[in-house]
Amino acid sequence: ITLILVLVGFLRPVSGATDADNSIFGDSSPLKINITTDINALWSNRVDPEYQSALISITGESWQIGGKTEVKIAGKSRRALCELPPLRVKLKNMNQPWENKISKLKIVLGCSANEVSNDEVIKEYLSYKLYNTIAPESYAVRLAEITILDLEGNIAEYTMGFILEPDSHLEQRVSIEEIKKKNLNTAQLINAFYRERNETSS
């Protein structure tokens, strides 16, 4: 894990790719995220997750936001397979100190509360960062230390993880539009890409 954290330090934001235009993703220093909520209700509601009340604090190097919010389990396969599935939290009413504000944020946790899962989720974070260097049209991420507390203030879970740029934020940042279409294959995407490029250059 030491080597992985050293590599994180070298993967600084790339202009136009990972700075995410003056938002929570504009810096690569790790965040500290604390979430307090009803732990039993949160982890047990996996079939059809609903938002539940929570308190959150997110701390960067020179700022902190937080207050009352709502949280729920996110993800698909990880919701069923992981002890600690991803979370989605609402930030809409937070006093965010950057221009491009985020209304909902996905937090990816280590699949389980152990060192192996911590290493795996950091590797996943690094794969996003490496992809950022070759494809500006890719999701921005930011590493985070995540602590989940019960309603009594006791630490229930501690894990490394990362926050993932929302679809709407990515669309706005790189001027793309999400296409919701079933049974879309790679050949169709490649053909659409070259058709769009030819139309733009002509």
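Just after helix 5, Ser175 takes a positive phi of about 55 degrees. The model is predicted.

**Helix 5**

- His169, Leu170, Arg173 and Val174 are the buried residues named in helix 5.
- These four residues lie on the same side of helix 5 because they cover an arc of only 105 degrees around the axis.
- Ser168 and Gln172 are exposed, on the other side of helix 5.

**The second largest pocket**

- The volume of the second largest pocket is about 600 Å³.
- The lining of the second largest pocket consists of 21 residues, and the closest to the pocket's centre are Gly75, Arg88, Lys106, Leu164 and Asp167.
- Sorted by class, the lining has 10 charged, 6 nonpolar and 5 polar residues.

**The disulfide**

- The structure holds 1 disulfide.
- Cys82 and Cys111 are the two residues joined, with a distance of 2.0 Å from S to S.
- The pair links distant parts of the chain, as Cys82 and Cys111 are 29 residues apart.
- Cys82 is in the loop between helix 3 (77–81) and strand 4 (87–90), while Cys111 is in the loop between strand 5 (104–109) and helix 4 (115–134).
- The link of Cys82 and Cys111 is left-handed, with -105 degrees about the S-S bond.
- Cys82 has a relative accessible area of 8%, so Cys82 is buried.
- Cys111 has a relative accessible area of 29%, so Cys111 is partly exposed.

- Glu61 sits in the loop between strand 2 (52–59) and strand 3 (64–73).
- With a relative accessible area of 66%, Glu61 is exposed.
- Apart from neighbours within four places in sequence, Glu61 is in contact with Asp27 and Ser29.
- Ser29 and Glu61 are 32 residues apart in sequence, and their C-alpha atoms are 7.3 Å apart in space.

Key:
Residues numbered from 1 in each chain as written. Predicted model: local features only at pLDDT ≥ 70, side-chain atom pairs only at ≥ 80, totals over all residues. Heavy atoms only, no water. Disulfide = S-S within 2.5 Å. Helix = DSSP H or I, 4+ residues; strand = E, 2+ residues; numbered from the N terminus. Buried < 20%, exposed > 50% of the residue type's maximum accessible area, 1.4 Å probe, protein only. 1 Å grid on protein atoms, 1.4 Å probe; cavity = no way out; pocket = protein on both sides within 12 Å on 5 of 7 lines; lining within 4 Å. Points joined across faces, edges and corners; volume = space filled by probe spheres on them. Nonpolar A, V, L, I, M, F, W, Y, C, P; charged D, E, K, R; others polar. Arc of directions from axis to C-beta. Contact = heavy atoms within 4.5 Å.
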